[in-house]
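Let's take a friendly walk through a protein model together. Have your viewer ready, and follow along as we go.

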Amino acid sequence: MSFNPQAHLRQLLSAALASVAPGQQDIAILLERPKQASHGDFASNLALQLAKILKANPREIAQRLAREIAVSPWVDQVEVAGAGFINFRLAPAAKTQVVRDILEQGDAYGRGTLGSGQRIQVEFVSANPTGPLHVGHGRSASFGASLANLLSWAGYAVKREYYVNDAGRQMDILALSTWLRYLALCGEELTFPPNCYQGDYVIDMARQMHAAHGQRYRHSAEALRACVPQSADIEVQLDNLILAAKDLLGEDWAYIHQHALTEQLADCRTDLEEFGVHYDQWFSERALYDTGMVAQAMQRLEKNGHIYLQDGAKWFRSTAFGDEKDRVVQRDNGLYTYFASDIAYHLNKLERGFDKIIDIWGADHHGYIPRVRGALRALGSDDGKLDVILVQFVSLWHGKEKVSMSTRSGQFVTLRELRAEVGNDACRFFYLLRKADQALDFDLDLAKAQNSDNPVYYLQYAHARVCSVLAQTAGDALSNCADYAAADLALLSNARELALCSRLAEFPAVIEDAARDYAPHAIAFYLKDLAADFHSYYNAERILVEDTAQRSARLALIAALRQVLRNGFRILGVTAPESM
RNA sequence: GUGCCCGUAGCUCAACUGGAUAGAGCACCAGCCUUCUAAGCUGGGGGUUACAGGUUCGAUUCCUGUCGGGCAUGCCA
């Protein structure tokens with residue numbers, strides 16, 4: 001039978017509250033862990049909350065509450081302190097109990113019911129499949145994957161989704177870029193536009209095409225030039241070029257387009273898979289067009305009177321919903337904008353019945369939020385179900401030296417390169433060492449360091465150390481986790497052991513809080529504290545002592561610790577090495 | 001110009017949504033291996049939480065303004 005000290009204290013307080021302030025039963029009773037050990041194991045600010053309502057001295061209220069708190073075998077001391085805090089000191093048995101709970105629950109320890117099975121969708125990365133993922137996408141991937149894990153642990157039914165922008169102008173530009181590179185390989189002489197994709201991977205795709213199909217998609221440079229109207233505006237010029245290419249290639253355009261998409265998407269998927277980032281669904285933008293969902297969404301907006309015509313384009317009146325200007329949904333050339341399909345996409349997400357949808361975007365998209373929310377409301381949907389998380393930028397450093405990156409010139413560091421350089425574990429972990437809304441300086445030298453400066457090694461080392469000790473117990477009467485659960489936990493009595501127990505007991509609450517805040521970094525910080533507690537204990541006390549009962553109790557403790565490390569690592573997507 | 005994010009120890013960052021004396025790591029100083037992995041531990045100094053007001057029992061947290069940094073402000077995505 002598992003015992004929850006926090007719930008127990010809450011009950012005691014609730015009963016006391018009923019007799020001190022009978023009308024206030026609906027007040028939320030919060031228990032926090034004091035930063036200072038002298039303030040006990042748990043503290044309640046209930047009296048401070050009541051002071052406001054009852055207009056009475058908080059300290060006096062605290063005294064009255066404390067007097068009414070029933071005696072419990074799990075509580076050693078109840079004390080009023082400070083402005084009116086009620087501090088609780090738990091009996092050792094109330095702290096060590098968690099060891100047994102952890103060993104019994106194993107891989108499930110820490111799972112909670114906050115989400116109560118609600119359906120929640122996390123959409124993340126969703127980079128255009130127009131080139132390799134870069135280090136910024138890596139942060140979104142790491143954050144999104146861990147957040148999804150976290151929400152799942154907190155009791156939500158989570159779906160992970162990648163929105164594939166396989167329609168639209170950017171994909172056309174990629175297809176064009178590939179074809180132009182291919183023409184060059186065929187020997188055609190033409191200038192490669194500066195606003196086409198510059199990366200070498202485009203040339204690679206062109207080579208493949210050339211190797212597989214020879215001259216089949218070749219058209220002369222003259223023929224191409226002949227059907228491209230000149231424009232001083234390089235963007236217009238690019239659009240003209242795309243139109244000309246479609247014209248010349250006919251059916252073949254679709255092949256090249258599809259080929260480029262397939263290649264890039266596969267590259268992206270493999271990259272993410274290798275990074276330990278998995279999706280339940282890859283949702284195609286093109287499918288939104290093919291099934292008529294975009295047109296339907298637009299019709300619905302129009303029917304609701306939120307669309308008007310100006311300068312040959314169709315505009316959504318997003319200013320009516322708090323946006324700073326109205327937005328075009330259909331261009332004067334008849335093509336829908338990205339925004340149009342995104343409206344349809346979000347509508348579709350909500351129609352799939354999720355209780356909550358989370359979009360994880362790069363911080364540069366922040367101006368986009370009001371218009372998406374506006375569109376959902378204009379369609380009569382509940383934009384309260386949408387949460388948008390902005391992930392700030394990443395800059396790479398070699399110690400004090402910044403690694404320069406610019407997407408425009410194609411000089412960006414790819415996620416794959418980063419993973420190869422510092423390893424998946426360090427990548428996943430470093431990305432999570434900051435809150436999402438904090439810009440991240442990623443120190444490559446530190447991530448590669450094989451010493452305690454590197455937090456990921458510090459954590460993994462704790463795990464390896466535990467494994468090493470446990471590996472030496474083969475001869476023990478109690479030598480596996482199930483047996484440890486039978487150990488006499490009353491023998492865990494020194495301060496470090498009890499502190500470690502308290503820390504282990506926090507884990508479920510840490511998960512719940514982190515899930516509520518969409519803050520996977522909190523797990524990383526918790527694990528650092530936990531590892532520190534262990535290293536400290538390990539240096540101060542010998543685990544493999546002669547006394548078998550004592551030894552079993554300590555082994556039970558570190559086996560429980562190992563379990564919590566593993567569960568935490570799993571949420572973060574970091575491996576748990578058995579030796580280092 | 002306007003909007004969003006940010007400003008905490010010398011450096012990199014936390015702070016349980018308003019709680020007690022603002023905490024870690026790095027760097028610096030002084031220590032700990034004939035005993036379970038020293039990739040570890042112990043101790044020490046270091047702060048007007050950018051600045052100025054306001055809200056209240058109580059503010060790093062909420063509100064207003066100023067300064068500084070990042071991002072955005074496309075019929076790109």
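We will start with the domains, then visit a hairpin, an open sheet and a helix.

This is a predicted model, in which local features need pLDDT of at least 70 and side-chain atom pairs count only at pLDDT 80 or more, while totals for chains, interfaces and linings use all residues. Residues are numbered from 1 along each chain as its sequence is written, and chains are lettered from A and ligands numbered from 1 in the order in which they are written.

Chain A is divided into domain 1 (5-90), domain 2 (98-103 + 451-572) and domain 3 (169-266); these bounds come from an automatic or database domain assignment. Between the C-alpha centres of domain 1 and domain 2 there are 30 Å.

Now find strand β4, residues 85-90. Strands here are DSSP runs of E with at least two residues, helices are runs of H or I with at least four, and both are numbered from the N terminus. Five of the six residues in β4 are buried, meaning that 20 or more other C-beta atoms, placed from the backbone, lie within 10 Å of a residue's own. Two strands count as paired if DSSP finds at least two bridges between them. Strand β3 (residues 75-81) runs antiparallel to β4, joined by six bridges, with V80 partnering I86. Three residues separate the two strands in this hairpin, where G82 takes a positive phi near 55°. Strand β2 (residues 42-44) also pairs with β4 in the antiparallel sense, over three bridges, and F42 stands opposite F88.

Next comes an open sheet of five strands with parallel pairing, in the order β7-β6-β5-β11-β12. Because β7 (281-284) and β12 (386-391) stand at the edges with a single partner strand each, one side of each has no neighbour in the sheet. On average, neighbouring strands of this sheet are turned by 25° against each other, direction ignored; the axes are lines fitted to C-alpha atoms. Strand β11 (residues 356-362) pairs with β12 in the parallel sense over six bridges, and I358 stands opposite D387.

Finally, look at helix α10, residues 251-274. How far apart are its end C-alpha atoms? They are 35 Å apart, which agrees with the 34 Å that its 24 residues should span at 1.5 Å a residue, where the expected span is 1.5 Å times one less than the number of residues. The buried residues of α10 include I256, A260, Q264 and C268. Helices α5 (135-153), α6 (169-186), α7 (200-213), α9 (234-249) and α15 (415-422) pack against the buried residues of α10, a contact being two C-beta atoms, placed from the backbone, within 7 Å. Just after α10, G276 takes a positive phi of about 80°.

Definitions and conventions:
Buried ≥ 20, exposed ≤ 12 C-beta atoms within 10 Å, placed from the backbone. Axes fitted to C-alpha atoms, helices over the stretch in contact; angles between N-to-C directions.
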